[in-house]
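Student: I have a model open and would like to go through it with you. Could we start with the charged side chains?

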Amino acid sequence: MLRNVSYNNKTITKEIEEAVGKPFGLVERFKMGGIGSPRLVIEESSIQIQNLLILDNKINYGNIEMRPNGIIVGFRALLESYALIIPFHKLTIYKGKSEQYSIYRDNYFVKIQARSKDKAVHKFMSKLLDEKVERSGTRIEDL
């Protein structure tokens, strides 16, 4: 689900927490080595997201925050902040072209730049995939 998170709205906050869980505590963040991605360059997106991003004539940047049951892909358009909330069971990640990751939830998607010199992006995506496997309950041995 795509939501405007610019303002403190209790209904939206509750909806996000029900979908992906409450934010990790400080101790858990340290144990995990951080829960946020570096700044990501959005190269392509689904039409709903693209309609928001084209309002600016700037490079589109975003970030990813891990939560206990999913992720939040955040980005800005004009002066508003938006979040694509993706529970782990709906999250699909592809390593497309050699320099791109594609993140999908149903009919929404975001393709982010991941050049070979962007080690932090590759490291975060690897950590994200490990968390998805660990928290979704599906093990490779189960398949």
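Student: Which residue forms a salt bridge with Asp106 at 3.4 Å between the closest N and O atoms, Asp106 sitting in the loop between β7 and β8?

Tutor: A salt bridge here is a side-chain nitrogen of Lys or Arg within 4 Å of a carboxyl oxygen of Asp or Glu. This is a predicted model, in which local features need pLDDT of at least 70, side-chain atom pairs count only at pLDDT 80 or more, and totals for chains, interfaces and linings use all residues. Residues are numbered from 1 along each chain as its sequence is written, and side-chain values use heavy atoms, leaving out hydrogens and water. The partner is in the loop between β5 (80–87) and β6 (92–95), 16 residues from Asp106, and it is Lys90.

Student: Which residues join Asp106 in one salt-bridge network?

Tutor: The side chain of Asp106 also meets that of Arg105 in a salt bridge, 3.4 Å from N to O. Shared partners make one network of these bridges. Besides Asp106, its members are Lys90 and Arg105.

Student: Is Arg105 buried or exposed?

Tutor: Buried means under 20% relative accessible area, exposed over 50%, and partly exposed in between (1.4 Å probe, protein chains only). Asp106 has 52%, so it is exposed, and Lys90 has 30%, so it is partly exposed. Arg105 has a relative accessible area of 11%, so the word for it is buried.

Student: How many residues apart in sequence are the parts that Glu44 and Lys111 tie together?

Tutor: Their side chains meet in a salt bridge of 4.0 Å, N to O. Strands are DSSP runs of E, at least two residues long, and helices are runs of H or I, at least four long, both numbered from the N terminus. Glu44 lies in strand β2 (residues 40–45) and Lys111 in strand β8 (residues 108–113), so the separation is 67 residues.

Student: Which residues does Asn60 touch, not counting those up to four places away in sequence?

Tutor: Asn60 is found in the loop between α3 (47–53) and β3 (61–67). Its relative accessibility is 16%, so it counts as buried. With contact meaning heavy atoms within 4.5 Å, the residues touched are Leu40, Val41, Ile42 and Leu53.

Student: What share of the residues in the whole protein is buried?

Tutor: The protein has four helices and eight strands. Its C-alpha trace spans about 45 × 40 × 30 Å along the principal axes. Of its 143 residues, the buried share is 42%.
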